[in-house]
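Please consider the model shown below.

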Amino acid sequence: TYADFLQERKPPTESEAKAAGFYSRATSANEVINANESKMVNLGFIKTGVLRTAPDWAQTELGKTQTQAERQFIEAYLRRDSGAAIAESEYSNARLTYFPQPGDSKNVIEQKRKARDIVVNSLKTSGGRAVPKAASDPLGIR
């Protein structure tokens, strides 16, 4: 309808634009996490412990990319909700909630993947008019 057309032509609100930024960050991080998923699960408890505690200069490429993607995902999600600084305990809790850990079954890994997808879709919905309609439309021109 013409009313729908006019609604689509309105610029995004400040809140939509902010949510779209969080959506973009979460989506980018989730792609890295999905790509690293099987490698992370196969690390085992000791290597995962090293990955979580070693300083950045001592990390492998996998460790660096995974840590960065996890932090980016967590920050996009939690800062959207609170806007505040994120405590280390919140990072730890989110890692257990959203990212594969050694010993996770295939069902648990899939459940965590779906939980990340829910977060991403929620951010996309909140982004409203500021989120491009299609991936092929990076500027959001509709």
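F73, Y77, Y98 and F99 form one aromatic cluster. In this predicted model, local features are reported only where pLDDT is at least 70, side-chain atom pairs only at pLDDT 80 or more, whereas totals for chains, interfaces and linings use all residues. Residues are numbered from 1 along each chain as its sequence is written, and side-chain values rest on heavy atoms, without hydrogens and water.

Rings of Phe, Tyr and Trp (its six-membered ring) count as a pair if their centres lie within 6.5 Å; planes under 30 degrees apart are called stacked, over 60 edge-to-face, and the rest tilted. By this rule there are four aromatic pairs. One of them joins F73 and F99, edge-to-face, at 5.8 Å centre to centre with 80° between the planes. This pair links distant parts of the chain, since F73 belongs to helix α4 (residues 61–82) and F99 to the loop between α5 and α6, 26 residues apart. Helices here are DSSP runs (H or I, at least four residues), strands are runs of E of at least two, and both are numbered from the N terminus.

How buried are these two rings? A residue is buried at under 20% relative accessible area, exposed at over 50%, and partly exposed in between (1.4 Å probe, protein chains only). F73 is buried, with a relative accessible area of 0%, and F99 is buried with a value of 0%. The ring centres of Y77 and Y98 are 5.7 Å apart and their planes stand at 75°, so this pair is edge-to-face. Because Y77 lies in helix α4 and Y98 in helix α5, the pair ties together parts that are 21 residues apart in sequence. Y77 is partly exposed at 24%, while Y98 is buried at 9%.

Y98 also takes part in a helix contact. L96, T97 and Y98 in α5 meet K112, A115, R116 and V119 in α6, where contact means heavy atoms within 4.5 Å. Helix α5 (residues 88–98) and helix α6 (residues 106–127) pack at about 115°, with their axes 8 Å apart; the axes are lines fitted to C-alpha atoms over the stretch in contact, and angles run from 0 to 180 degrees between N-to-C directions.

Taken as a whole, the protein has six helices and zero strands. Buried residues make up 32% of its 142 residues. Among contacts between residues at least 6 apart in sequence, 64% join residues at least 24 apart.
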